[in-house]
Each structure stands twice: as structure tokens, then as C-alpha cells.
Amino acid sequence: MGGAPGGRGRRTKGVAVTVARRRLAATVAALLAATVGVQLSGCTAGAGTGATGPASAASDPTSDASEGVPSPGGAPGTSTTSPAGPSATASDTPALRPASTPVDDRSGKARNTPLTVNGIVVVSAEHPVGSRYTPELASGQPLAKPAARAFTKLQRAVRMAGLRLDVVSGYRSYGAQSALYNSRLASMGRAWTAKYVAKPGTSEHQTGLAVDLRSPSGRGTSFDDTREWRWLRRHAQDYGFVLRYPQGTTKITGIGFEPWHWRYVGVAQATAIRALGADVTIEEYLRLT
Ligand SMILES: [Zn+2]
């Protein structure tokens, strides 16, 4: 997202992050149990169905420059750096949700790689990534390896349900994001660009863990009025994906509602996030707000 002033000095808040594994384990178990029984409520109030806003541009998912955050690994355990230091414990249970506010204490060269909290990569205006960072992409797919594998499974399930999802955009390099940002700035203006397009280095598309989707019956701001969207709301977490910028969470993510933008975090994390609610953000889940 753009540089809307307003960043509150969150990152200085530094409570040492200790992972209360036992308590977490219990919480996670409860969350997982809850998930099983919870069936999504229908989300889509269809607020932004194309009627409002810069419909043309908004309906072009490619314009979503706004990417916010997180990242790679997806698979719990792929973490690179983690302020929370959730490295493997004696047990095999990966720490899911941090017990307290993580501290982004990357400095020097470490700022070239994304912040990773408990296995979840976070890239946003508050937690940017360096221009040289590139994920290991799956061959033939615009996604990082773990995300690509999971997305392939998700696509299979979507087809079996008689639906169809098309990828509008996946991995974008720092340079590509920069070009997109400047292009939108010129065509759509500063306000629109700030809301929907992430500045280079702040887009999670640079991690290869985010994918913008559309269906034959809707894209962009009208994607949330499609059967494919409803399917994703109900099943995406089973494949490790979560809605990254839910409606009504702009103050938290810094980005407008983007029904088309889905983020891979791995099945365990996605399930835990989803268990907290259909519109819970990664920031809230990771206590980064
Ligand atoms: Zn996107």
C-alpha cells in the first residue's frame, strides 16, 4: 500500500517474544477442533461489487498493488528469520500463534529478507523486504514452491466442484512492482494507488506466496459475488490459503478490501487463522497490530 502516514510506531514495541508452547498447544488444539465444526458464514455482502470506486481499475485485479505482507514458507517450518525464534522445540509441534507482540529487529542485510513470524512471512508497508529478495519459484508457475504445490491441489478441488479459478497475478519482482506502482500512479492517481497498490518492497507478491484470482463470472471488486469466491471462503484454508485483505480491515492491513488476493501460509496456520474468524487478518493473528 502506499505510504499513508499513520504508521504508529509499532515496531518499537518490543516485548520479548517467548513462545508459550504449552498454552499454545492447547489453544491450537481448541482452534483446530473449533474449525472442524465451524462452517463459514457467508461473507459477501457484496459491498464493493464494482459499483463503487474506480470500478474499471478496481475490476482489474492486476492493479492490486497493494500487497501487504507475509510470506514464504508457508509450510510451517520453512521459516527463515523469526523474531519469535520459534525454531523447532523438543517436540515437533510448531508454534503457531505468537504469545506476544513480535519485534521486527531485522537490521543490516537481514532487512533484505522478509520478516518471518512463526513460519509466516510478513511483507507490508511496516515490514518491507529488500529489492533483491526473490523466492524460489516453482517451475512453470508464478508462485513460490510450497504455495505452488498447494495451489495445484486447490485448483483440482475447485474443478471437481465444477468451478473455475484463473490466476491473474502471482509472483512479482521488486522491479515489476515498481513499474506497476508508477503506472497506476500515473493512470489512477495518488489516492487510488495508495489504497490498492503497494509500494515496491512492501508487496507480498514479491514473496511468491500471494495469488490474485478471478473467475469467469467475476473479477476484481466483483469477485466476491461469485461461486468461486464462496468456495474459497469455505475451503481455502484446507489448502493453506487465507483471504489477506478482508473487508473492513484497512486500518489494520493498510490496504483496501481485496477479494481477489489470497495468501498461502500453510494448512496448519491457515486453519488456525480461519478458526478465529473469516475476516481475521494475519496482523491480528500474529499480534502485529
Ligand atoms: Zn494481490
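## Helix H4

Helix H4 covers residues 174–188, 15 residues in total, and reaches 20 Å from its first C-alpha to its last. That is close to the 21 Å expected at 1.5 Å a residue; the expected span is 1.5 Å times one less than the number of residues. Helices (H or I, at least four residues) and strands (E, at least two) are DSSP runs, numbered from the N terminus. This is a predicted model: local features need pLDDT of at least 70, side-chain atom pairs count only at pLDDT 80 or more, and totals for chains, interfaces and linings use all residues. Residues are numbered from 1 along each chain as its sequence is written.

Which residues of H4 are buried? They are Gln-177, Leu-180, Tyr-181, Arg-184 and Met-188. A residue counts as buried if 20 or more other C-beta atoms lie within 10 Å of its own, exposed if 12 or fewer, and partly exposed in between, with C-beta atoms placed from the backbone. Seen down the axis of H4, the buried residues fall within an arc of 100 degrees, so they line one face of the helix. The arc is that of the directions from the helix axis to the C-beta atoms. An α-helix has 3.6 residues a turn, so residues three or four places apart point the same way.

## The other face of H4

The face turned away from the buried side of H4 carries the exposed residues Gly-175 and Ala-186. Gly-175 is exposed because it has 11 other C-beta atoms within 10 Å. Gly-175 and Gln-206 are 31 residues apart in sequence, yet 9.6 Å apart in space, C-alpha to C-alpha. After H4 comes Gly-189, whose phi is positive, near 95 degrees.

## A four-stranded sheet

In what order do the four strands of the open sheet stand? The order is E3-E4-E6-E5, and the pairing is antiparallel. Two strands pair if DSSP finds at least two bridges between them. Strand E3 (166–169) and strand E5 (241–243) stand at the edges, each with a single partner strand, so one side of each has no neighbour in the sheet. Neighbouring strands are turned by 45 degrees against each other on average, direction ignored. Axes here are lines fitted to C-alpha atoms, for helices over the stretch in contact, and angles run from 0 to 180 degrees between N-to-C directions.

Now walk across the sheet. E3 and E4 pair over three bridges in the antiparallel sense, and Ser-169 stands opposite Asp-212 in E4. Strand E4 (residues 210–214) is joined to E6 by three bridges, again antiparallel. Asp-212 stands opposite His-261 in E6, while Ala-210 has Arg-263 as its bridge partner there. Three antiparallel bridges also join E5 to strand E6 (residues 261–264). Val-242 stands opposite Arg-263.

## Inside the sheet

Five of the five residues of E4 are buried, so the strand is largely enclosed by the rest of the structure. Ala-210, Asp-212 and Arg-214 lie on one side of E4, with Val-211 and Leu-213 on the other. E6 has buried residues pointing both ways: His-261 and Arg-263 one way, Trp-262 and Tyr-264 the other.

## Helix H6 and the cores

In helix H6 (residues 227–235), the buried residues are Glu-228, Trp-229, Leu-232 and Arg-233. Seen down the axis of H6, they fall within an arc of 140 degrees, so they line one face of the helix. These buried residues pack against H3 and E6; two residues are in contact if their C-beta atoms, placed from the backbone, lie within 7 Å.

A nonpolar core is a set of buried Ala, Val, Leu, Ile, Met, Phe, Trp, Tyr and Cys residues joined through C-beta atoms within 7 Å. The largest has 43 residues, and Val-122, Ala-147 and Phe-241 touch the most other members. Helix H3 (residues 145–160) gives the largest share of this core, six residues. A second, separate core has five residues, including Leu-180, Tyr-181, Tyr-196 and Ala-198.

## An exposed loop residue

Where is Asp-105? Asp-105 sits in the loop between helix H2 (55–58) and strand E1 (115–117). Asp-105 is exposed, with 12 other C-beta atoms within 10 Å. Asp-105 and Leu-115 are 10 residues apart in sequence and 8.9 Å apart in space, C-alpha to C-alpha.
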